[in-house]
Amino acid sequence: MSTVSPNSVQEPIVIALRDQSMGGSERRLGLALLANFLRLLSETDLTRIQAVVCYNEAVKLMLAGSPVFAHLKRLAEAGVPLIACRTCLEYFDIEEQLAVGRAGTMAEIQALMLGARVVAL
């Protein structure tokens with residue numbers, strides 16, 4: 001079995017988060033998986049990570065009380081742009097609570113996703 005490391009991918013990568021967990025219906029496990037993914041991501045070579053985009057429920061991950069907030073903050077401090085869907089922030093009425101990253105438009109998110117390899121979680 002071969003493994004692929006982020007270092008073996010040469011094109012820009014966009015990480016797309018759509019939910020507050022990773023995987024199926026087992027939410028607690030999914031949150032643990034997502035936290036581990038983001039922690040490990042922050043420990044890799046981030047030069048090809050073009051952005052982490054959050055939409056739908058995932059925008060809530062960018063709030064100060066989020067269980068993965070420290071991991072996202074570490075990514076932002078390392079220079080990875082974190083972009084939350086403005087429409088989603090408005091829908092959940094949490095625009096003012098955004099604690100890491102910034103709001104972006106769907107046009108911006110779409111352009112990022114169409115111009116890179118997308119890892120959708």
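Predicted model: local features only at pLDDT ≥ 70, side-chain atom pairs only at ≥ 80, totals over all residues.
User: What does pairing rest on, in general?
Analyst: Strands of a sheet pair through backbone hydrogen bonds, and the pairing can be parallel or antiparallel.

User: How many bridges pair β1 with β2?
Analyst: β1 (residues 13-17) and β2 (residues 49-54) pair over 5 bridges, in the parallel sense. Within that pairing, isoleucine 15 stands opposite valine 52 of β2, and alanine 16 stands opposite valine 53.

User: How many bridges join β2 to β3?
Analyst: There are 3 bridges between β2 and β3, and these strands also run parallel. Cysteine 54 has alanine 84 in β3 as its bridge partner.

User: Back to β1. How many of its residues are buried?
Analyst: 5 of its 5 residues are buried, so β1 is described as mostly covered.

User: Which way do they point?
Analyst: Ile13, Ile15 and Leu17 point one way from β1, while Val14 and Ala16 point the other way. All of them are buried.

User: What about the β3 residues, which way do those point?
Analyst: In β3 (residues 82-85), Leu82 and Ala84 point one way and Ile83 and Cys85 the other way. These are all buried as well. Ala84 is also the bridge partner of cysteine 54.

User: New topic, helices. How are two packed helices described?
Analyst: By the angle between their axes and the distance between the axes.

User: OK, at what angle do α1 and α2 cross?
Analyst: The axes of α1 and α2 (residues 69-77) cross at roughly 25 degrees and come within 9 Å.

User: Why call them roughly parallel?
Analyst: Angles under 35 degrees count as roughly parallel, and therefore α1 and α2 are roughly parallel to each other.

User: Is the crossing left-handed or right-handed, and which residues make the contact?
Analyst: The crossing is left-handed. From α1 the contact uses Ala35, Leu38, Arg39, Leu41 and Ser42, and from α2 it uses His71, Leu72, Arg74 and Leu75.

User: Now serine 21. Where does it lie?
Analyst: Serine 21 is in the loop between β1 and α1, the helix of residues 27-42.

User: Is serine 21 buried or exposed?
Analyst: Its relative accessible area is 5%. Buried means under 20%, so serine 21 is buried.

User: What does serine 21 touch?
Analyst: Leaving out residues up to four places away in sequence, serine 21 touches Arg27, Gly30, Leu31 and Leu34. With arginine 27 there is also a polar contact between the two side chains, at 3.5 Å.

User: What does each count as, buried, partly exposed or exposed?
Analyst: Asparagine 56 counts as partly exposed, at 43% relative accessibility. Aspartate 93 is at 60%, and exposed means over 50%, so aspartate 93 counts as exposed.

Key:
Residues numbered from 1 in each chain as written. Heavy atoms only, no water. Pairing = 2+ DSSP bridges. Helix = DSSP H or I, 4+ residues; strand = E, 2+ residues; numbered from the N terminus. Buried < 20%, exposed > 50% of the residue type's maximum accessible area, 1.4 Å probe, protein only. Polar contact = N/O pair within 3.5 Å; in protein donor to acceptor, adjacent residues only side chain to side chain. Contact = heavy atoms within 4.5 Å. Axes fitted to C-alpha atoms, helices over the stretch in contact; angles between N-to-C directions. Parallel < 35°, antiparallel > 145°, perpendicular 65-115°, else oblique. Left-handed = near helix turned anticlockwise from the far one by under 90°.
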